[in-house]
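Subject: Handover of a two-chain model

Hello,

The structure you asked about is below. My notes on what was found in it follow.

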Amino acid sequence: MGLGPHAGFIWAAYGAVIVVLAGLIGWLVYDGRRQTRALADLEARGIKRRSAGG
Amino acid sequence: MATPTLTQRLANPTRFMELSGALLPWVSAAAAVLILYAMVLVFFVAPPDYQQGETVKIMYIHVPSAWLAMMGYGVVAASSFGLLVFRHPLADVSAKSAAPIGAAFTALALVTGSLWGKPMWGTYWVWDARLTSVLILFLLYLGLLALRSSIEDETTAGKLTAILALVGVAILPIIKFSVEWWNTLHQPSTGFTASVDPSMRTPLLVSAAGFTMLFFALHLKAMRNEILRRRVKAITMAEVERSTGAKARE
């Protein structure tokens, strides 16, 4: 697949999109796991939300 | 008693978590399929432009990024309005979650635009109205993020950020019409109109649809994370208060 004389600019642009979006997705997944674990830890210690019941 | 509206029903974070949990895999899958299909069209089907050559391929990611930079701010502004006027419980969660995602797409619009500008215009940057107004939008996003993180109280931070977001919404029409109001190097908008040949318009539309789905998937995920974070914070605070009260009674 030939991208012509400006191939470097094209790859750099697509590379930037991949890096930024992969970073964003990775951060959101990591943050979600961290919050879920923190909530599970609190509930394991018997500390629950008033609305959670039990 | 009147039947609650969809917005009222979604106002319950627990119900939102159930609904978003069911929706998120489907929205994510749709985004992945559409973006993959768009990339196949871009790299194996779409022809080079008669003037830009293969550099036109940057447009297939630049235009969706620029569109989502503005749509993201629209989501922040609409959510801020929902918080200040209707006091919707999820409005602040939505505004807070959309801001970093919108900032990321704005940064991508600026970077991909610069990487297209160098081979086409001979420069990475010019201070023309379109480029400058998008840079201001990016700085506005950074301002929202900085303001929120500088205030500890969640309610105050939400309200002040919402006010700034609504003041800043004036930038959206300026960006949109900058190419018509001023003499800019940036070409007028042709992105989704019939003036683009179907061989290029189809990959552009598929790419824009895929990136838009990705935005919604990221926003849903970020909102879910924020709700969990607030639950953790609320439980921890309640526990601290309970144990402090117990100690005081001893």
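**Chain B**

Of the 250 residues of chain B, 39% count as buried; a residue is buried if 20 or more other C-beta atoms, placed from the backbone, lie within 10 Å of its own, exposed if 12 or fewer, and partly exposed in between. This is a predicted model, in which local features need pLDDT of at least 70 and side-chain atom pairs count only at pLDDT 80 or more, while totals for chains, interfaces and linings use all residues. Residues are numbered from 1 along each chain as its sequence is written, and chains are lettered from A and ligands numbered from 1 in the order in which they are written.

The model scores ipTM 0.89 and pTM 0.92. For chain B the mean pLDDT (the predictor's confidence in each residue, from 0 to 100) is 90, and 94% of its residues reach 70 or more. Where pLDDT is low, the predicted coordinates should not be read in detail.

Chain B has eight helices and zero strands. Helices here are DSSP runs of H or I with at least four residues, strands are runs of E with at least two, and both are numbered from the N terminus. The C-alpha trace of chain B spans about 80 × 40 × 35 Å along its principal axes. Two residues are in contact if their C-beta atoms, placed from the backbone, lie within 7 Å. Among contacts in chain B between residues at least 6 apart in sequence, 79% join residues at least 24 apart.

Helix 2 of chain B has 32 residues and reaches 44 Å from its first C-alpha to its last, close to the 46 Å expected at 1.5 Å a residue. The expected span is 1.5 Å times one less than the number of residues in the helix. This helix has a kink of about 35° at B:Leu23, shortly before the proline B:Pro25. The bend at a residue is the angle between axes fitted to the seven residues ending there and the seven starting there. Buried residues in helix 2 include B:Pro13, B:Phe16, B:Ala31 and B:Leu34.

Helix 4 (residues 91-121) of chain B has 31 residues and should span 45 Å at 1.5 Å a residue; its end C-alpha atoms are 42 Å apart, which agrees. Helix 4 bends by about 25° at B:Ala99, and the proline B:Pro100 follows within four residues. Most of helix 4 is covered, with 25 of its 31 residues buried. Just after the helix, B:Gly122 takes a positive phi of about 90°.

B:Ala107 is found in helix 4 and counts as partly exposed because it has 17 C-beta neighbours inside 10 Å. Leaving aside neighbours within four places in sequence, B:Ala107 is in contact with A:Val20 and B:Phe138.

**Two loop residues**

B:Gln51 sits in the loop between helix 2 and helix 3 of chain B. B:Gln51 counts as exposed, because it has 8 C-beta neighbours inside 10 Å. Its C-alpha atom is separated by 36 Å from that of B:Ala217, 166 residues apart along the chain.

B:His186 lies in the loop between helix 7 (171-181) and helix 8 of chain B. With 18 C-beta neighbours inside 10 Å, B:His186 counts as partly exposed. B:His186 and B:Leu131 are 55 residues apart in sequence, yet their C-alpha atoms are 7.6 Å apart in space. Not counting residues up to four places away in sequence, B:His186 touches B:Asp128, B:Arg130, B:Leu131 and B:Val179.

Chain A has one helix and zero strands. Buried residues make up 15% of its 54 residues.

How many residues of chain A are in contact with chain B? There are 23, and they meet 28 residues of chain B. The chain A side divides into 16 nonpolar, five polar and two charged residues. Ala, Val, Leu, Ile, Met, Phe, Trp, Tyr, Cys and Pro count as nonpolar, Asp, Glu, Lys and Arg as charged, and the others, Gly among them, as polar.

A nonpolar core is a set of buried Ala, Val, Leu, Ile, Met, Phe, Trp, Tyr and Cys residues joined through C-beta atoms within 7 Å. The largest has 69 residues, and those with the most contacts inside it are A:Ala13, B:Ile58, B:Val76, B:Ala95 and B:Leu214. Among the elements that each supply at least two residues of this core are helix 1 (7-44) of chain A and helix 4 of chain B. Helix 8 of chain B gives the largest share, 17 residues. Not counting residues up to four places away in sequence, A:Ala13 touches B:Ile58, B:Ile61, B:Thr112, B:Leu115 and B:Trp116.
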